[in-house]
Amino acid sequence: MARSHVTTTVNGDEYEFLCDAEQTLLDVLRDELFLTGTKEGCATGDCGACSVMLDGRLVCACLVLGVEAAGKLIETIEGLAHGDELHPLQQKFLEHNGAQCGICTPGTLIAAKALLAVNPDPSETEIRYWLAGNLCRCTGYDKIIRAVMAAAEEMREGRS
Amino acid sequence: MDEMRYEAPETLDAAVALLAGADGDARILAGGTDVLVLLHSDMIEPGLLVDIKKIPELTSIAVEAGGFRVGAAVSAMELVEHDAFSKAWPGVIEGVKLIGSIQIMGRATMGGNLCNASPAADSVPALIAAGAIGTIVGPEGRRDVPVEDIATAPGETSLGKGEILVSFLFPPRPPHSGDAYRRFTPRTEMDIAVVGVGISLSLDDGGTCQAARVVLGAVAERALLVEAAAAALIGTPLDEAALERLAAAASAACRPIDDKRGTKEFRIKVAGVLARRAAQDALERARGN
Amino acid sequence: MTITQDDLRFDPDRKLKVVGTTPIKPDGVDKVTGRAKFGADTHLPGMLVGKVLRSPHAHAIIKSIDTSSAAALAGVKAVVTRDDFPELPPGEFRDISSNCMAREKAFYDGHAVAAVAATSERIAKKALKLIEVDYQVLPHVIDVMDAIKPDAPILFEDMVTKGMDPAPDGPTNILQRKEFTMGDVDAGFAEADIIVEREFDTKPMHQGYIEPQACVANFTEDGQTELWCCTQGHFVFRTRLAAVLKMDISRIRVTQSELGGGFGGKTMFYAEPVAILLSRKANRPVKITLTRNEVLRATGPVAGTHSRIKMGMTKDGRFTAAEAELYFQTGPFTGSAFANAPQAMFTRYDLQNIRAVGYEVVSNRPKVNAFRAPCVPQVVFGVEGVIHELARKIGMDPIDLRLKNAATEGYKTIYGATFGPIGYVETLEAAKAHPHYTAPLGPDQGRGIATGFWFNRGGETTASLNITPDGTVTLLLGNPDVAGSRVSICMMAAEELGIPVDKVRPIIGDTSTLGFNRVTAGSRVTFSAGMAIVLSARKAIETLCQRAAMMWDVPEDGVVFEDGHVRPASSNVGDFEPLSIADIAKKATETGGPIAGHAEIVAEGAGPGFGCHIVDVEVDKETGAVKILRYTVVEDAGKAIHPHQVEGQYQGGAVQGIGWALNEEYIYDKDGRMENAGFLDYRIPVASDVPMIDTVIVEVPNPLHPYGLRGVGEVPLVPTMAAIANAIDDAIGIRPRSLPMSPPKVLKLIEEAEMSRDQA
């Protein structure tokens with residue numbers, strides 16, 4: 001059977017690709033578009049390493065089909081920085097050592113950005129529950145949470 | 001089946017026709033948080049996947065008959081963000097919020113959570129406690145059924161070939177009503193209920209319980225609507241004695257199994273504990289409105 | 001005179017500019033932008049997808065494998081089975097090979113039995129279904145104590161326990177026995193006023209790295225192999241692959257990716273030799289990425305244990321003797337490193353009389369792999385529980401009891417080494433002084449402490465430091481950076497050279513770029529590679545001085561290197577403007593060529609590490625749920641080169657221990673199949689399960705390292721489960737002796753505690 005032809009927008013750029021019906025958006029991003037910043041940790045939606053934004057909603061790319069991306073707006077880690085200017089979350093992850101091995105970092109950054117979009121001043125507990133879907137085995141979460149709090153603070157100051 | 005076909009019809013009729021006309025296994029794709037996991041682990045090999053998210057009736061939330069009609073394919077996150085619904089049914093929202101992570105909630109749907117027919121589905125006890133009605137459309141037309149009659153056993157529903165769960169109708173709330181959902185999991189998040197309890201109740205002006213529905217999840221082959229547990233509350237001010245009877249009735253109704261998520265003994269005991277806690281939550285909410 | 005590592009001694013008076021600060025790590029930006037390349041991120045032209053067929057049986061004879069239909073499927077380019085693996089004599093490499101691809105028997109659910117390479121994942125998966133394996137299913141055994149029962153199914157009919165005298169007269173599942181003794185244990189117990197003896201169980205857990213193993217192999221027609229993979233030790237992979245595949249070591253080039261977590265679990269390969277053999281047959285590159293299900297079913301769990309631990313004490317709180325009998329699960333093949341346990345379990349106490357016996361036991365579970373302080377946390381769970389009880393019995397503060405018995409400099413350990421300056425006492429004192437230790441507790445809350453030790457390791461290490469023509473510096477390192485070693489090593493190089501750390505850029509070289517490096521494990525890398533890079537830097541400085549002397553035309557001993565500049569040693573030498581590294585580098589061609597330093601060493605002098613954890617828990621008495629309220633890790637780092645990296649080790653280790661303590665375990669069905677092979681039901685802690693993890697970095701310098709550092713990666717896990725169990729006791733009145741301390745088990749203990757209170 002012919003593969004499906006899909007047109008979608010990733011980080012503001014239009015992409016076209018062919019995919020099998022069962023291929024996930026994660027497969028497509030990594031293996032067809034070579035956007036390998038989005039990671040696979042489980043492929044069952046339990047680790048959050050493949051977190052991306054799909055039409056403004058935080059989702060696991062492993063639980064979206066490639067064909068479902070047709071006509072949608074997708075944001076991945078590769079679109080987080082603007083030119084050579086890192087997003088405040090990226091900067092704070094660097095300063096606070098929020099990325100240890102770094103495999104969960106892209107997904108966590110995307111999830112954290114989604115949080116700050118709806119809640120610019122989250123408490124520690126709110127951050128912890130929002131990021132519960134982003135497993136990290138290295139850091140014990142401490143420095144991730146601190147980095148998100150610091151980025152939120154900086155972004156609030158930037159706005160005011 | 002070698003290759004799977006994906007279809008995303010824009011009308012209910014087209015979706016029903018696709019499902020009814022399929023040879024072999026055809027599956028509905030709503031949020032995909034269960035069906036794609038099954039698909040990629042080779043637990044299922046459907047020849048056809050019908051994506052129902054492009055059908056407006058399945059993805060809208062509307063006020064109807066003083067209550068709410070919620071499309072079965074509305075994502076958990078959309079429902080949580082719906083202020084009026086969240087205010088009316090905080091217990092349902094508690095269940096919906098526990099379906100999974102924020103990422104999962106961005107996709108998962110209440111219809112899928114119900115039709116996946118896991119006895120541990122987090123949104124189901126409060127949904128049943130709410131007395132919601134499911135609207136089903138199929139080759140034979142449209143029918144309404146109480147939600148407790150939809151999931152029948154693990155992985156099995158009462159839906160016939162070609163039938164689609166379209167929406168849920170939540171009844172209007174009398175004054176002094178409240179609902180709540182409590183579950184037990186070893187972790188705070190990202191876990192499957194070991195026991196879940198949904199309770200909805202209404203009080204009269206004097207604070208006596210007029211009506212109650214108590215539903216247990218993960219303690220039987222499907223979520224259980226426990227009338228004896230509700231009876232323990234009705235006619236009482238939910239005092240200590242009533243809560244004791246509730247806990248005992250909840251524990252007595254359990255017929256769990258030992259599995260990887262919990263033991264029989266533990267589930268029976270904790271069902272009573274959670275029933276009491278959920279009742280206290282619901283009571284506090286009922287008193288507040 | 002050539003500098004050697006013996007010249008690298010800690011100098012307490014040295015003023016530090018870089019070491020001890022927290023610069024952004026050189027691998028940081030790539031990690032926050034998605035640019036960092038991990039195991040699964042390599043794509044080669046023409047690459048095929050490899051998939052592995054795995055045994056659904058826990059124990060079965062593989063009578064035959066028919067791959068003909070799979071091989072005939074369009075798009076399938078190669079099929080590999082046991083027949084493609086070279087025959088090897090019994091021993092380490094045959095075990096490794098047999099774990100990567102089952103030979104006569106499949107020994108666990110998930111054991112690889114065949115593999116295919118195809119043009120797409122869909123075709124590869126379809127091909128696996130066409131492979132027909134004829135199994136003769138055998139009775140199986142999972143649990144360590146079940147495996148040593150007289151009627152247990154035997155995994156290897158020819159296995160006679162090593163280290164037993166007399167040797168058993170028939171086959172058993174006990175692979176080997178090792179005994180460690182010092183002093184006179186019987187006399188020690190005779191001296192005791194109080195003896196506590198308890199039995200403990202711990203469950204296997206998985207290292208739980210978020211990145212599944214992935215590799216790409218490219219075997220060329222002239223017999224060269226390139227391999228890209230995520231590994232903790234690409235040099236060790238190379239050596240073992242050469243042995244398993246009977247190839248020359250020099251024909252294999254392994255390039256390590258960024259490592260998405262390992263914790264010991266990526267010290268051994270699984271699909272890598274399979275990918276090489278598939279590539280050889282297909283004449284194309286082959287990529288194999290394990291699924292999470294495969295990772296949990298077939299890769300490195302940690303040994304489950306059963307232990308009996310006995311300690312004696314005088315009534316005034318002096319330990320007189322300790323004894324232990326320990327059983328370790330190892331899966332079907334040796335690999336538990338269980339001998340660590342008897343050597344480390346009591347080491348931190350001034351004990352003179354110890355007998356500790358360990359047994360390594362095979363069963364139908366995946367072959368175990370290393371995990372932070374392999375096999376030590378499991379038995380410290382027991383040791384620190386016994387000491388907790390001893391403290392209770394005489395009403396002594398648990399830190400005071402440990403202080404009273406703390407080993408200090410000069411203590412001769414059970415493994416033969418004598419302690420130099422160590423920081424156990426300082427660690428205990430810092431814990432005692434921490435406000436956490438005396439903070440008030442609420443109802444249903446409890447506090448526990450426990451302590452731990454790890455040897456810390458050194459070993460073969462190589463490094464190269466190159467001074468570029470503009471005076472900036474590149475480093476070539478040979479150890480995968482599991483979390484923070486690169487930046488720390490750069491900082492030591494910058495400190496030596498007197499330049500800012502951002503003028504030092506590291507890469508980790510593939511196996512063809514440097515001499516052999518031991519695996520990144522045992523908390524050895526920042527210590528050992530730090531040593532190698534300091535040695536390299538000092539050699540480069542020697543050359544810089546020679547070149548400056550040449551430029552000034554003065555004797556070599558007329559110059560000194562200070563603050564990144566070569567200066568005249570005194571005004572007698574002459575009046576010269578100091579030369580920066582850049583000034584000298586610019587003239588390198590005229591003065592003798594490029595300037596570099598390199599080192600090939602066996603790093604020695606790793607200083608032992610000690611930690612003390614304080615934890616508060618709250619127990620829901622109706623459900624048995626345990627909540628971690630507050631957690632403090634106090635540990636001696638010798639010297640924290642980059643404090644954030646050290647804290648990260650402390651915090652991460654503690655949270656892994658929280659998972660092991662409360663929820664993580666393998667669940668098997670009656671047929672020996674793993675039931676929870678996914679992150680939904682294999683419950684590692686999520687962000688909302690844990691609080692901030694407070695840290696105290698104690699610094700008692702290691703005199704044998706130029707910056708005084710000690711390894712910090714292993715110790716943070718060691719006392720965790722014991723500390724939590726002791727805290728649960730404080731909250732409910734009964735000390736758990738079995739892991740995980742999951743809600744159903746804790747609820748049972750609460751009921752037991754209530755019953756015994758009612759009876760009393």
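How many residue pairs are in polar contact across the interface of chain C and chain A? I began my notes with this question, and I kept in mind throughout that the model is predicted.

**Entry 1: chain C against chain A**

I looked up the polar contacts and found 25 residue pairs across the interface of chain C and chain A, both partners being at pLDDT 80 or more. I then asked which elements give two or more residues to the side of chain C that touches chain A, and these turned out to be α1 (28-33) and α19 (643-662) of chain C. The largest share of that side comes from α19(C), which gives nine residues. Sorting the side of chain C that touches chain A by class, I noted 25 nonpolar, 17 polar and nine charged residues.

I next turned to the extent of the contact, in which 51 residues of chain C meet 49 residues of chain A. Chain C and chain A bury about 4100 Å² between them, and 59% of this lies on carbon and sulfur atoms.

For charged pairs, I found that the rule gives six salt bridges across the interface of chain C and chain A. One that I looked up joins C:Arg122 to A:Asp20, with the closest N and O atoms 3.5 Å apart.

**Entry 2: the two domains of chain C**

I moved on to chain C by itself, which is divided into domain 1 (5-36 + 458-603) and domain 2 (375-456 + 607-759). Taken over C-alpha atoms, the centres of domain 1 and domain 2 of chain C are separated by 38 Å. I recorded 29 residues of domain 1 of chain C in contact with 23 residues of domain 2 of chain C, and a buried area between these domains of about 2000 Å², of which carbon and sulfur atoms give 63%. Within the area that domain 1 of chain C buries against domain 2 of chain C, C:Phe10, C:Ser523 and C:Phe527 supply 31%, more than any other three residues.

How many salt bridges are there between domain 1 of chain C and domain 2 of chain C? I found the count to be zero, whereas ten residue pairs, both at pLDDT 80 or more, are in polar contact between these domains. On the side of domain 1 of chain C that touches domain 2 of chain C, the elements giving two or more residues are α15 (485-497) and α16 (525-552) of chain C. I divided the residues of that side into 13 nonpolar, nine polar and seven charged.

**Entry 3: chain B**

The area buried between domain 1 and domain 2 of chain B is about 1100 Å², and carbon and sulfur atoms give 69% of it. I noted that B:Leu12, B:Val16 and B:Thr33 supply 42% of the area that domain 1 of chain B buries against domain 2 of chain B, more than any other three residues.

Across this interface of chain B the rule finds zero salt bridges and three residue pairs in polar contact, both at pLDDT 80 or more.

Definitions and conventions. Residues numbered from 1 in each chain as written. Chains lettered and ligands numbered in written order. Predicted model: local features only at pLDDT ≥ 70, side-chain atom pairs only at ≥ 80, totals over all residues. Heavy atoms only, no water. Contact = heavy atoms within 4.5 Å. Buried area = accessible area lost by both parts, 1.4 Å probe. Salt bridge = Lys/Arg side-chain N within 4 Å of Asp/Glu carboxyl O. Polar contact = N/O pair within 3.5 Å; in protein donor to acceptor, adjacent residues only side chain to side chain. Helix = DSSP H or I, 4+ residues; strand = E, 2+ residues; numbered from the N terminus. Nonpolar A, V, L, I, M, F, W, Y, C, P; charged D, E, K, R; others polar. Domains from an automatic or database assignment.
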